[in-house]
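Try each task before you read its solution.

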Amino acid sequence: MQTSTRDRIVVAAARLLQRQGYVGTGIKQIAKEAQATLGSVYHFFPGGKEAVAVAAIAHSDREFATLLGEALDSAEDPAEAIEACARRLATELRESGWIDGCPVTAAALETLGTESEIQRACADALRGWERLVVDKLLRCGFQARDARELATTIVGALEGAEVTAQVVRSEEPLLAAGRQLARLVRSYGVPVPR
């Protein structure tokens, strides 16, 4: 299946934003990586770099949501599922040479305190990932408030552990976070679904 020019632009921008951040990624570099002309980039994204970045973040959001959903569905026990997610993130980060961390972190940090479309796209992504965790916990019998608070804690801890793992070039921060989050989930005493 051949990828459209627009899709190539979005995917190239997503990878560049993930590795270099918004500020470090130029529109010409996106065009080059996508094997597209600068005119094509502006044709599909008249809003320029910010419009490309918003589309790239939405793309990365969907990719990560798929990974997270698969990890959460990998075990009936939510504690095991969270730990499996941390292991998968650790493995993928190591295999990328420590460069492919969270697909929205760099852009989110660079646009903190702004009311930009980029910041909204990053916030939407994080809220969506939390909803996936909430849904898993609710299906496993957690109370709604506990599920919401745990989901916020889980996503926040995994995000922080992933950045730490990148910096120290080790899987251990993610693996430790996974183990501790699993312990936290188990501490609620909700029976594992059968």
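**Exercise 1: cysteines**

Taking a disulfide as a pair of cysteine sulfur atoms within 2.5 Å, the count for this structure is zero disulfides. The model is a predicted one, in which local features need pLDDT of at least 70, side-chain atom pairs count only at pLDDT 80 or more, and totals for chains, interfaces and linings use all residues. Residues are numbered from 1 along each chain as its sequence is written, and side-chain values use heavy atoms, with hydrogens and water left out.

Solution. Step three: check the surroundings, using buried for under 20% relative accessible area, exposed for over 50% and partly exposed in between (1.4 Å probe, protein chains only). C85 is buried at 1%, and C122 is buried at 1%.

**Exercise 2: a helix pair**

Task: how do the axes of helix α4 and helix α7 run relative to each other?

Solution. Step one: locate α4 at residues 49-72 and α7 at residues 117-139. Helices (H or I, at least four residues) and strands (E, at least two) are DSSP runs, numbered from the N terminus. Step two: read the geometry; the axes come within 9 Å and cross at roughly 10 degrees. Axes are lines fitted to C-alpha atoms, for helices over the stretch in contact, and angles run from 0 to 180 degrees between N-to-C directions. Step three: classify the pair. Angles under 35 degrees count as roughly parallel, over 145 as roughly antiparallel, 65 to 115 as roughly perpendicular and the rest as oblique, so α4 is roughly parallel to α7.

**Exercise 3: positive phi**

Task: where are Q35 and W98 found, and is each buried or exposed?

Solution. Step one: take Q35, a residue other than glycine with a positive phi near 55 degrees. Q35 sits in the loop between α2 (27-33) and α3 (38-44), and with 67% relative accessibility Q35 is exposed. Step two: turn to W98, also not a glycine, with a positive phi of about 70 degrees. W98 lies in the loop between α5 (78-95) and α6, and at 14% relative accessible area W98 is buried.
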